[in-house]
Amino acid sequence: MKLYLVEIGGMRDGNLFESHEVHPMVAFDDAELIRACAARFSTAMKAAHLDGWIEFELEDPDAQNTDPTAAFYVAELGRNSSDSMREQHDYRFLEAKSWNDAVQTVRQGAPGWHVDACVNVDELARERGYALKRGASGEAPRPRAQSRYVRFMEARVSA
């Protein structure tokens, strides 16, 4: 089983441009993920689509042979510029002993950026009944990124 952080794009009422949202999803593989996203998001926005995802391997929490000394986090960074009307975003993955330590580490490693959000990925997995899979000696998870545009077909209403 895998934990995915998916970026969903589409048009919200009143928006001039596409909106983007990041959601956690659990699925067996990419095909199941795409079906689950289509079922959940196809009617949430006009022209809803999947822009990409980050994938983490999961395991049964009882199967973990080591207790991680630090949690695994993803931080969303933002940066504004005087020559652009939009905020640029980036994501950083790291292990830290606490949320505060994660935010401080990311800030120190990304001058000129601010932290928009910092999420404990271990906790996301636990909330769904799993544990993030680590290496045999407890090494940090290795996320896999996939940039892939998948347009969801809106449900048709029969007359």
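**View 1. Asp122 and Arg134 pair up through their side chains in a salt bridge, 2.9 Å from N to O.** Asp122 sits in helix H3 (residues 121–127) and Arg134 in the loop between strand E7 (131–132) and strand E8 (144–151), so this pair ties together parts 12 residues apart in sequence. Both Asp122 and Arg134 are buried. Keep in mind that this is a predicted model.

**View 2. Salt bridges with shared partners make one network out of Lys2, Asp30, Glu55, Glu57 and Arg144.** For context, searching the whole structure turns up 11 salt bridges.

**View 3. Asp13 and Lys46 join side chains in a salt bridge at 3.0 Å, N to O.** This one links distant parts of the chain, 33 residues apart: Asp13 is in the loop between strand E1 (2–11) and strand E2 (19–27), while Lys46 belongs to strand E3 (residues 46–59). Asp13 is exposed, at 67% relative accessible area, and Lys46 is exposed too, at 53%.

**View 4. Arg92 meets Asp90 in a salt bridge of 3.2 Å, N to O.** Here Arg92 is partly exposed, with a relative accessible area of 29%, and Asp90 is also partly exposed, at 27%.

**View 5. Helix H2 (residues 99–109) has Ala102, Val103 and Val106 buried.** Looking down the axis of H2, these buried residues fall within an arc of 95°, so they line one face of the helix. The buried residues of H2 pack against strands E4 (71–79), E5 (88–96) and E6 (114–120). Over on the other side of H2, Asn100 and Gln108 are exposed.

Key
Residues numbered from 1 in each chain as written. Predicted model: local features only at pLDDT ≥ 70, side-chain atom pairs only at ≥ 80, totals over all residues. Heavy atoms only, no water. Buried < 20%, exposed > 50% of the residue type's maximum accessible area, 1.4 Å probe, protein only. Helix = DSSP H or I, 4+ residues; strand = E, 2+ residues; numbered from the N terminus. Arc of directions from axis to C-beta. Contact = heavy atoms within 4.5 Å. Salt bridge = Lys/Arg side-chain N within 4 Å of Asp/Glu carboxyl O.
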